[in-house]
Amino acid sequence: MIDYTWCRRLGEQDRAEATALVEAAARYDEEAGFSVVSAREVESVSTAERSVWHLPIKARRGLSVRADAPLVMVAYLHLSIDPQGQGTVRYTVHPDYRSRGVTTLLVEELGLDVGETDGWCGRGATSLRCWAYGSHPASERLTRRFSIAPIARLWTMARHLAGPFAVPLAPADVPGGMSIEGPADLTDDAVVSEVRDVLARQGLTQAQFEQFRAEFGERTGRVLIAAAGSDRPAGAVWFDPRPTRYLELRAAWVRALIVVPQIRGGGLGAALITRTLHELASAGTQVVLMRIDPDDHSAVRLARLLSFEQEEAHACYQIGEWDDVPDLSPNRGRGRTEDPARDRW
């Protein structure tokens, strides 16, 4: 029923078909916020740091059983493997061929064995990880069928600033002895240095620090910096005022909130987010979005107190062992700007 061949680089025709496929899928899934495969990944090749494999999946047009029906690309899988053999999977199916058994058949034929000498499917991956963004029924059915449990989750939270679901904004009361400055652009090296100073005191693992640094290195958006009577900043909130669409509304993202551990629980986080909401409301934003870890109970409580509501759930699935925590980057999926060559600190 399906035909596929692993390759290091797609041929010209396959590359064009794969690009058209992932772009059609992205348009179709935009409103639901499902996972997106970037057209840049279709073009990607192996480097000294990562091994890249492409898997175009083809079938007879309309899944016809006639041998003379032309082969068309119905799905595309991208596998990126780091030097430790850890493989990140990106996968999408053309909208016209969903719920027709393509993915189930592919998994049945490829298998999920990462314990072979040459790794999964002989490609060198000794473990696999994949994020499923949005409450996609197909991913839930598939993972249940093959007993793949999620190892991490994220929620998308939404806070309406305008319209019938909007809640009035409270004043941005700042705790005594503290102040909030900004917003400032991330193109300013001094601002980046201050945010990095706050981040360095979060007690993050090296993997978590690198994940945040990679996203922050895009230097898009603005930040508010909090001070608490010392030369070092006490907290920061990173947000991106560039408008995006969410349920036909003008939306913007809060990318991260960081407060040094010594003063958490004193109201600074709420003040930073509230000030951000006022900034975005002044810019004409109708709904503010942010992603949080549902296991971070203080983050969930803060979001609820500030009238954020859960809109979407996301899950990270893993097979085999991984030497770092899942990437809880808030930029994945809807609204992501992904560029492997982006600037870093």
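Student: How many residues does helix H1 have, and what span does H1 reach from its first C-alpha to its last?

Tutor: In this predicted model, helix H1 has 18 residues. At 1.5 Å a residue, the expected span is 26 Å. The span from the first C-alpha of H1 to the last is close to that value, reaching 26 Å.

Student: Against which elements do the buried residues of H1 pack?

Tutor: The buried residues of H1 include Asp 14, Leu 21, Val 22 and Asp 29. The buried residues of H1 pack against helix H2 (39–43), strand E2 (51–60), strand E3 (71–81) and strand E4 (86–93).

Student: Why is the pair of Trp 6 and Trp 120 described as it is, and what is that description?

Tutor: Two aromatic pairs are counted in the model. For Trp 6 and Trp 120, the ring centres are 5.6 Å apart and the planes stand at 85°. Planes over 60 degrees apart count as edge-to-face, so this pair is edge-to-face.

Student: How many residues apart in sequence are the parts that Trp 6 and Trp 120 tie together?

Tutor: Trp 6 lies in the loop between strand E1 (2–4) and helix H1 (12–29). Trp 120 lies in the loop between helix H3 (102–110) and strand E5 (127–132). The pair therefore ties together parts whose separation in sequence is 114 residues.

Student: Are Trp 6 and Trp 120 buried or exposed?

Tutor: Buried means under 20% relative accessible area. Both Trp 6 and Trp 120 are classed as buried.

Student: Which residue has its charged end over the ring of Trp 53?

Tutor: The charged end lies 4.5 Å from the centre of the Trp 53 ring. That charged end belongs to Arg 123.

Key: Residues numbered from 1 in each chain as written. Predicted model: local features only at pLDDT ≥ 70, side-chain atom pairs only at ≥ 80, totals over all residues. Heavy atoms only, no water. Phe/Tyr/Trp six-rings, centres within 6.5 Å; stacked < 30°, edge-to-face > 60°. Helix = DSSP H or I, 4+ residues; strand = E, 2+ residues; numbered from the N terminus. Buried < 20%, exposed > 50% of the residue type's maximum accessible area, 1.4 Å probe, protein only. Lys NZ or Arg CZ within 6 Å of the ring centre and 35° of its normal. Expected span 1.5 Å × (residues − 1). Contact = heavy atoms within 4.5 Å.
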